[in-house]
Amino acid sequence: MPETPAAADPSGPAAVADPSPREARPAASALRDADAYACELMDYVSASPSSYHAAAEAARRLAAAGFTALDEAEPWGPATPQRGCAVRDGAIAAWVLPEEPGGASAFRIVGSHTDSPALKLKPAAQMGRDGFALLGAEVYGGPLLNSFLDRELGLAGRLVTRDGTGHLVRTGPIARVAQVAPHLDRSVNESLHLDRQAHLAPIWALGDGGAADDVEAHLCEIAGIDRDDLAGHDILTYPTEAPARFGRRAEFIASSRLDNLSSVIASLLALESLRADAGGRGAGGTASGDVVVLVANDHEEVGSGTRSGAAGPFLEQVLRRLARALGITGEAYEAMLARSTCLSADAAHSVHPNYGQLHDPVVRPVLGGGPVLKINAQQRYATDATGQALWERACAAAGAPHQVFVSNNAVPCGTTIGPITAQRLGITTVDVGQPILSMHSQREMCAVVDGPWLAQALAAYWAGA
């Protein structure tokens, strides 16, 4: 069942309502105006403290752009809208269908993910210790653990009632993981070690952790539901400090969740910029008659092996339903998949000026140099030479500069949804992304100019480059 937005809790600053919709900006303008694009990115991050909020905000934006939301639990059939979307938990898929598929029609997919490293509340999360009420939490994903320290954290995600209904909820600054003073641990500046169980429990109140400090009851109050009706929750921490521009010329953005909301907003703006023609089920901005697809999966940071993750069936099921709506089944569908491609968009590493030895000595992408093509011999990224040619065409059509990333042989490489998507669907997949620093920190940074170039390249790919 769809998530419902939480109401505001009038009890104080520890609870906030979900932000009201921001004034719409023309997507095509944001693709060419770096300042407008920066505002779009910062607004989207602020509206998306959890993957569930990110999917809901994407659906809200797409509805404003004329996309029709469909329920996966209902048949879609021939009446599938030309511009539509579907939300599954913290993931979303959206599409633009051609008026008439050609004999060589294919899917053109841009994939990203909505989740980021965080602390995830355990069941019965409250506990007491030495006069403090603490929150029991597990580490979600692979964060820089020290970036949780001395930072005001909010709680965000979904509460699920016994009837299966999800309720979106978020608080303002409510918790903090306090670091030990150097007077008490003289080694802290030489060898910081954080025990995940002992040292990462956020403080959220003075008290004994009893009934008065029941965090689940507090979240239910914010969401306007009865505590006794709560069946379970998916609640994570998020940094409450707002995104901000900084630098000599305000050329940088500091923010949480740039990995990977920087890719989600780029794909949303690119999709919103595609113009449907007056027929209502027209070319949708594509020159090739291909099916344009956006997917933003959840759970990439923990391996993608869920029903809403890239290793799950969400994208495959959506593609099959879209093809069926166009009358493409059986062998024709398999042939369509064989022609299809995917740009896997996920944040990329910039060279770090203080740790240059950790990067390849020759291939050294930087902030402000344009989006990055990611290559790895162990196929931690899915890019091959065929995919590289596809990316080159898209960047050339967009007039966007671009760079390449390859790992230092002595440094392990991360991965993305790209190899998983390629393995699941058997389609040519290319790993790309906006370069950032401090990846997996609770406060990452990027360059203002790189985002519009990424969005322009994605739009050019969807338009048939």
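Is Arg249 buried or exposed? Arg249 counts as exposed, at 63% relative accessibility; here buried means under 20% relative accessible area, exposed over 50% and partly exposed in between, with a 1.4 Å probe and protein chains only.

1. A word on the basis. This is a predicted model, in which local features need pLDDT of at least 70 and side-chain atom pairs count only at pLDDT 80 or more, while totals for chains, interfaces and linings use all residues. Residues are numbered from 1 along each chain as its sequence is written, and side-chain values use heavy atoms, with hydrogens and water left out.

2. The overall count is 19 salt bridges, each being a side-chain nitrogen of Lys or Arg within 4 Å of a carboxyl oxygen of Asp or Glu.

3. Arg249 pairs with Glu251, their closest N and O atoms being 3.9 Å apart. Glu251 is partly exposed, at 26% relative accessibility.

4. Arg245 and Asp35 form a salt bridge at 2.8 Å, N to O. Because Arg245 sits in strand β12 (residues 244–246) and Asp35 in helix α2 (residues 34–47), this pair ties together parts 210 residues apart in sequence. Helices (H or I, at least four residues) and strands (E, at least two) are DSSP runs numbered from the N terminus. Arg245 is partly exposed at 31%, and Asp35 is partly exposed at 45%.

5. Glu57 and Arg60 meet at 2.9 Å, N to O. They are 3 residues apart in helix α3 (residues 51–64), about one helical turn. Glu57 is buried at 8%, whereas Arg60 is partly exposed at 30%.

6. Finally, a salt-bridge network links Asp89, Lys120, Arg158, Asp234 and Arg307.
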